[in-house]
Protein chains: 2
Amino acid sequence: MLSLCQRIFCGVCFGSLLLFGAPSLLGQTGRIVDLTYPFDENTIFWPTEPGFELEKGPAGMTDKGYYYAANRFRSAEHGGTHMDAPLHFFSSGESVDTVPLDRLMGDAALIDVASKCSSNSQYLIQVSDLTKWEERNHRRLDQTIVLFRTGFGKFWPDRERYLGTKERGKEAVAKLSFPGLDPKAARWLVEQRRIKAAGIDTASIDAGQSTLFSTHVILCEKGIPALENVANMDQLPEKGFTVIALPMKIKGGSGAPVRMIAIVPM
Amino acid sequence: MLSLCQRIFCGVCFGSLLLFGAPSLLGQTGRIVDLTYPFDENTIFWPTEPGFELEKGPAGMTDKGYYYAANRFRSAEHGGTHMDAPLHFFSSGESVDTVPLDRLMGDAALIDVASKCSSNSQYLIQVSDLTKWEERNHRRLDQTIVLFRTGFGKFWPDRERYLGTKERGKEAVAKLSFPGLDPKAARWLVEQRRIKAAGIDTASIDAGQSTLFSTHVILCEKGIPALENVANMDQLPEKGFTVIALPMKIKGGSGAPVRMIAIVPM
């Protein structure tokens with residue numbers, strides 16, 4: 001039974017711009033889980049991308065007596081823990097700087113299909129995986145940031161095991177092999193539910209063997225951002241936590257590095 | 001007088017990892033203020049930096065029938081709305097990927113010195129500006145993200161008015177002219193108070209005419225990140241709001257682009 005305070009909070013949260021999940025705020029204490037991989041020379045990018053490059057600048061004592069360090073860097077929009085803006089696969093979609101921030105903050109759900117993916121590395125997440133979560137948790141995925149845990153995060157940063165190939169270049173794309181969200185399940189999510197965003201612990205919300213990227217297209221057409229290469233999903237419960245995912249504000253960008261965290265009640 | 005619910009929440013928030021300010025969660029509704037400038041060709045960087053470069057990639061229909069857009073980009077760590085990690089001016093300081101996330105989320109305070117800066121563009125924010133805020137608001141700045149509003153945000157992205165010079169290169173640095181935090185006030189903040197982070201609506205937490213960057217050094221030595229080129233401070237109240245500032249996770253970085261927001265009760 002809800003306490004007075006809980007009931008007040010449910011009333012406050014629904015329909016407001018705060019949109020933090022009441023459960024994660026009501027815990028006595030919460031822990032912050034960083035769902036982001038660092039950007040460095042080992043960060044995994046698509047085989048056609050050169051990866052993250054840090055251009056080291058000065059780092060040492062100046063002649064004026066103070067220490068100073070500063071660098072520059074170069075990156076693709078889509079690599080490491082990043083966000084696909086709807087513009088990535090939909091010409092009329094929002095660019096990464098204009099995605100509404102309330103889509104990127106709020107109640108989250110973890111759909112854990114790791115056991116299925118461990119026996120089938122090309123597993124496609126099904127509608128039944130979504131409905132089973134709803135039945136088990138007695139709630140719908142509406143207004144939720146939906147995270148898919150394939151278990152492939154444990155392979156990071158081993159390109160061969162994480163992507164299915166360590167080769168690079170255009171020819172390597174056909175050799176990609178990892179699980180993803182079945183386009184039929186993506187269709188169900190946009191037609192039967194109203195989710196805020198989707199996230200996955202692989203390099204792409206479409207499975208590695210996808211050639212038409214239909215899941216991307218379906219989500220992007222409906223303005224749903226996809227969060228990819230999400231880290232540390234093994235530290236999340238399946239419900240009752242809050243996600244905040246704030247992307248670098250690249251004007252007109254099709255995507256961007258994102259710093260993504262979860263707040264999990266203790 | 002605090003309601004029962006407010007009192008419960010104060011108890012929950014202090015000492016927990018959630019560290020969201022109770023007032024901003026208790027409002028009936030809240031609005032999200034994006035405190036971040038977009039990264040584009042007009043984004044202001046230090047005169048010695050080349051600025052943000054978007055390397056436009058494909059953007060159009062593929063031969064397989066789906067739309068696709070993706071770009072690459074290049075940037076300095078310190079430009080646009082960004083975070084200085086303690087490593088920027090302190091060799092033993094935390095790099096941007098290791099700054100504790102609970103420093104970057106929570107109750108915030110706005111110290112508004114815009115009227116003083118409008119008559120003195122090189123104004124140095126004083127201890128008295130801090131103590132007056134505390135007296136007026138009947139609370140200390142401990143455990144707060146302290147934002148300084150000089151009013152210079154209204155000049156963005158006009159380099160000449162915002163920085164004091166539109167020139168570029170090493171010679172331009174001596175011509176920089178904008179307000180900043182007096183090193184004596186920085187010293188007071190680290191010795192007399194325990195703040196989480198500091199932010200300002202100029203290009204540097206040290207004033208433009210600084211040559212020793214003592215405020216940076218003082219803050220960095222104590223592990224206090226500085227948020228610079230913070231946008232839209234004119235939309236903030238002086239107290240009772242929450243800030244979340246999540247930087248790009250550059251491994252070993254001295255700083256990074258940050259996506260920074262405020263949640264303001266309505």
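Helix H7 (residues 214-221) of chain A is mostly covered, with six of its eight residues buried; buried here means 20 or more other C-beta atoms within 10 Å of the residue's own, with C-beta atoms placed from the backbone. Helices (H or I, at least four residues) and strands (E, at least two) are DSSP runs, numbered from the N terminus. Keep in mind that this is a predicted model: local features need pLDDT of at least 70, side-chain atom pairs count only at pLDDT 80 or more, and totals for chains, interfaces and linings use all residues. As for labels, residues are numbered from 1 along each chain as its sequence is written, while chains are lettered from A and ligands numbered from 1 in the order in which they are written.

**Around H7(A)**
- The buried residues in H7(A) are Thr215(A), His216(A), Val217(A), Ile218(A), Leu219(A) and Cys220(A).
- Their cover includes strand E6 (82-84), strand E10 (180-181), helix H6 (183-192), strand E11 (197-200) and strand E12 (226-228) of chain A.
- Just after H7(A) comes Gly223(A), with a positive phi of about 75°.

**How the two chains relate**
- The same surface serves both copies, as 100% of the contact residues of chain A recur in chain B.

- Contact (C-beta atoms, placed from the backbone, within 7 Å) links 57 residues of chain A with 57 residues of chain B.
- On the chain A side, the elements giving two or more residues are helix H1 (4-13) and strands E1 (30-34), E4 (67-69), E5 (72-76), E13 (241-247) and E14 (255-265).
- E5(A) supplies the largest share of that side, five residues.

**A sheet across both chains**
- Four strands form an open sheet in the order E2(A)-E5(A)-E5(B)-E2(B), with antiparallel pairing; strands pair if DSSP finds at least two bridges between them.
- Strand E2 (53-55) of chain A and strand E2 (53-55) of chain B stand at the edges, each with a single partner strand, so one side of each has no neighbour in the sheet.
- E2(A) and E5(A) run antiparallel, joined by three bridges, with Phe73(A) the bridge partner of Leu54(A).

Key. Contact = placed C-beta atoms within 7 Å. Buried ≥ 20, exposed ≤ 12 C-beta atoms within 10 Å, placed from the backbone.
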